[in-house]
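Thanks for coming. I will take one structure today and go from single residues out to the whole chain. Please have the model open while I talk.

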Amino acid sequence: WYTGSAGWMYQFIIEYLLGITKDAERLSVQPCIPSAWESFKVKYRFGAATYNITYINNRNPDHNYLVRLNGEKQDEPIIPLVDSETVHEVVIE
């Protein structure tokens, strides 16, 4: 593979399969993973901050995602990004 193909494959996996897209200073989350997957984890860096993202497949057919950032429920499936020297824990169900 040449560099361009690897880049497109990486983008496909992150954005379309895992459903993680960056828009300004936030991550939008809408996974499209196989139903056989129990979970997955992603470590995302934003400046000096680290976001440990854990997705747990609860097999909800409505695709309603519950996102918790540092234990606090988010109103939308969005993770606000803050450039700080902090490790954030994100759980998506």
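Let me start in a loop, with Glu85, which lies between strand S7 (78-80) and strand S8 (87-92). Strand and helix names here come from DSSP runs, with helices being H or I of at least four residues and strands being E of at least two, numbered from the N terminus. Is Glu85 buried or exposed? Its relative accessibility is 77%, so Glu85 counts as exposed. The cut-offs are under 20% relative accessible area for buried, over 50% for exposed, and partly exposed in between, with a 1.4 Å probe and protein chains only. Lys22 is 63 residues away from Glu85 along the chain, and the two C-alpha atoms are 19 Å apart.

Before I go on, the ground rules. This is a predicted model, in which local features need pLDDT of at least 70 and side-chain atom pairs count only at pLDDT 80 or more, while totals for chains, interfaces and linings use all residues. Residues are numbered from 1 along each chain as its sequence is written, and side-chain values use heavy atoms, with hydrogens and water left out.

Next, Gln74, in the loop between S6 and S7. Gln74 has 19% relative accessibility and therefore counts as buried. A polar atom of the Gln74 side chain lies 3.1 Å from the backbone oxygen of Glu72. What does Gln74 touch, leaving aside neighbours within four places in sequence? The contacts, meaning heavy atoms within 4.5 Å, are with Val67, Leu69 and Pro80.

Ala24, found in the loop between S1 and S2, has a phi near 60 degrees, a positive value in a residue other than glycine. Ala24 counts as exposed because its relative accessibility is 56%. Asn70 sits in the loop between strand S5 (67-69) and S6. Phi of Asn70 is also positive, near 55 degrees, and Asn70 is not a glycine. With 42% relative accessibility, Asn70 counts as partly exposed.

Now the sheets. Strands of a sheet pair through backbone hydrogen bonds, either parallel or antiparallel. Here two strands are called paired if DSSP finds at least two bridges between them.

Strand S2 (residues 26-29) and S7 run antiparallel and are joined by three bridges. Across that pairing, Arg26 stands opposite Pro80 in S7.

The other sheet I want to show is an open one of five strands, ordered S3-S4-S8-S5-S6, with mixed pairing. Which strands are at its edges? They are S3 (39-46) and S6 (72-73), each of which pairs on one side only. S3 pairs with strand S4 (residues 49-56) in the antiparallel sense over eight bridges. Within that pairing, Ser39 faces Ile56 in S4, and Val42 has Ile53 as its bridge partner. S3 and S4 make a hairpin with two residues between them, and Gly47 in the turn has a positive phi of about 60 degrees. S3 has two faces: Phe40, Val42, Tyr44 and Phe46 form the covered one, and Ser39, Lys41, Lys43 and Arg45 the uncovered one.

Last, the chain as a whole. How many helices and strands does the protein chain have? There are one helix and eight strands, and the pattern along the sequence is α-β-β-β-β-β-β-β-β. The C-alpha trace spans about 40 × 35 × 20 Å along its principal axes. Buried residues make up 31% of the 93 residues. Of the contacts with a separation of 6 or more, 48% are between residues 24 or more positions apart. The accessible surface, from the Shrake-Rupley method with a 1.4 Å probe and, for residues, only the protein chains shown as cover, comes to about 6300 Å², and 52% of that belongs to carbon and sulfur atoms.

Conventions. A polar contact is a pair of N or O atoms within 3.5 Å; within protein, one must be able to donate a hydrogen and the other to accept it, and residues adjacent in sequence count only if both atoms are side-chain atoms.
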